[in-house]
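Hello,

Here is the structure I promised to pass on to you. Have a look at it first, and then read on for my notes.

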Amino acid sequence: LARGDLAQDLAGRHVVVSAGGTREPLDPVRFLGNRSSGKQGYALARCAAARGARVTLVAANAALPDPAGVDVVPVGTAVQLREAVLKAAADADAVVMAAAVADFRPETYAAGKIKKKDGEEPAPIALVRNPDILAEIAGERPRPGQVIVGFAAETDAVLANGRAKLARKGCDLLVVNEVGERKTFGAEENEAVVLGADGSETPVPHGPKEALADTVWDLVARRLV
Ligand code: CTP
Ligand code: CA
């Protein structure tokens, strides 16, 4: 099917997608971050809009153009992403957490630029845990019947780790990618398996991120009440 022929199967639905990667600041000029490009999340937002959904895209540091017809909420840190996702999720039919959320943030933020001192070794950076947004949303289900989707990048024991993570997070679907040296980060294409809490396993062959996005929305649409 060409894009224009796609059924408007998400018409009247509100979906929330998080994308990109959070940045956890150390001082005004430095942060701890990750390599997520945001491309998969943006593809999810574009595809949902094309299928008729009202889309809120919570975008963490993605250097990508705003998709047409999508409500983009820019955020920086995991704490800001949590706030924006929870707010948008209140009346959402589905939440897809494609963002790479930093597991830890620096314990302290230096209001001024951290300076080195002659002859002194650097101090270690103390970290604290960030909130687990996916587990929180899946646990609370701000709206009954909501479909919650997570993403996981794994380097080994991909399916076993994915199954365990799906159960731990309590989400309905988990999109599992195998990552490695040259795989996935910043690429235009993706390959994944979508695991369902119902035991289902949907392989998505190597292809454009839009194809994976449409498979995710197919699986979500089927679960909407
Ligand atoms: N996630 C989240 N909040 C966090 C960390 C992750 O909402 N603090 C979400 C991600 O957006 C993703 C899913 O949880 O949809 C899985 O992320 P992942 O990093 O694979 O899971 P973790 O539980 O952090 O496990 P790991 O120790 O393997 O990093
Ligand atoms: Ca993590």
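Which residues of H5 are buried? They are Lys209, Glu210, Leu212, Ala213, Asp214, Val216, Trp217 and Val220. Please keep in mind as you read that this is a predicted model.

Let me stay with H5 for a moment. This helix covers residues 209-223, and its 15 residues should span 21 Å at 1.5 Å a residue; the C-alpha atoms at its ends are 22 Å apart, which agrees. Among the elements that cover its buried residues are helix H1 (39-50) and the strands E6, E9, E10 (173-178), E11 (189-196) and E12 (201-208).

Next comes helix H4, residues 158-169. From its first C-alpha to its last, this 12-residue helix reaches 16 Å, close to the 16 Å expected at 1.5 Å a residue. Its buried residues are Gly162, Leu166 and Lys169. Looking down the axis of H4, you will find these buried residues within an arc of 75°, so they line one face of the helix. As background, an α-helix has 3.6 residues a turn, so residues three or four places apart point the same way. The face of H4 turned away from the buried side carries Ala160 and Ala167, which are exposed. The cover over the buried residues of H4 includes helix H3 (133-140) together with E9, E10 and E11.

Now for the strands. E6 takes in residues 94-97: Ala94 and Val96 point one way, Val95 and Met97 point the other way, and all are buried. E6 pairs with strand E1 (residues 14-20) in the parallel sense, over four bridges, and Val96 of E6 is the bridge partner of Val17. E6 also runs parallel to strand E9 (residues 147-154), and four bridges join these two. There, Met97 has Gly150 of E9 as its bridge partner.

Which residues come nearest to ligand 1? Of the 13 residues around ligand 1, they are Met97, Val101, Ile133, Leu134 and Gly150. H3 and E9 each supply at least two residues of the shell, and E9 gives the most, with three. Sorted by class, the shell has eight nonpolar, two polar and three charged residues.

Technical notes:
Residues are numbered from 1 along each chain as its sequence is written. Chains are lettered from A and ligands numbered from 1 in the order in which they are written. This is a predicted model: local features need pLDDT of at least 70, side-chain atom pairs count only at pLDDT 80 or more; totals for chains, interfaces and linings use all residues. A residue is buried if 20 or more other C-beta atoms lie within 10 Å of its own, exposed if 12 or fewer, and partly exposed in between; C-beta atoms are placed from the backbone. Two strands pair if DSSP finds at least two bridges between them. The expected span of a helix is 1.5 Å times one less than its number of residues. Two residues are in contact if their C-beta atoms, placed from the backbone, lie within 7 Å. The arc is that of the directions from the helix axis to the C-beta atoms. A residue is near a molecule or strand if its C-beta atom, placed from the backbone, lies within 6 Å of it. Ala, Val, Leu, Ile, Met, Phe, Trp, Tyr, Cys and Pro count as nonpolar, Asp, Glu, Lys and Arg as charged, and the others, Gly among them, as polar.
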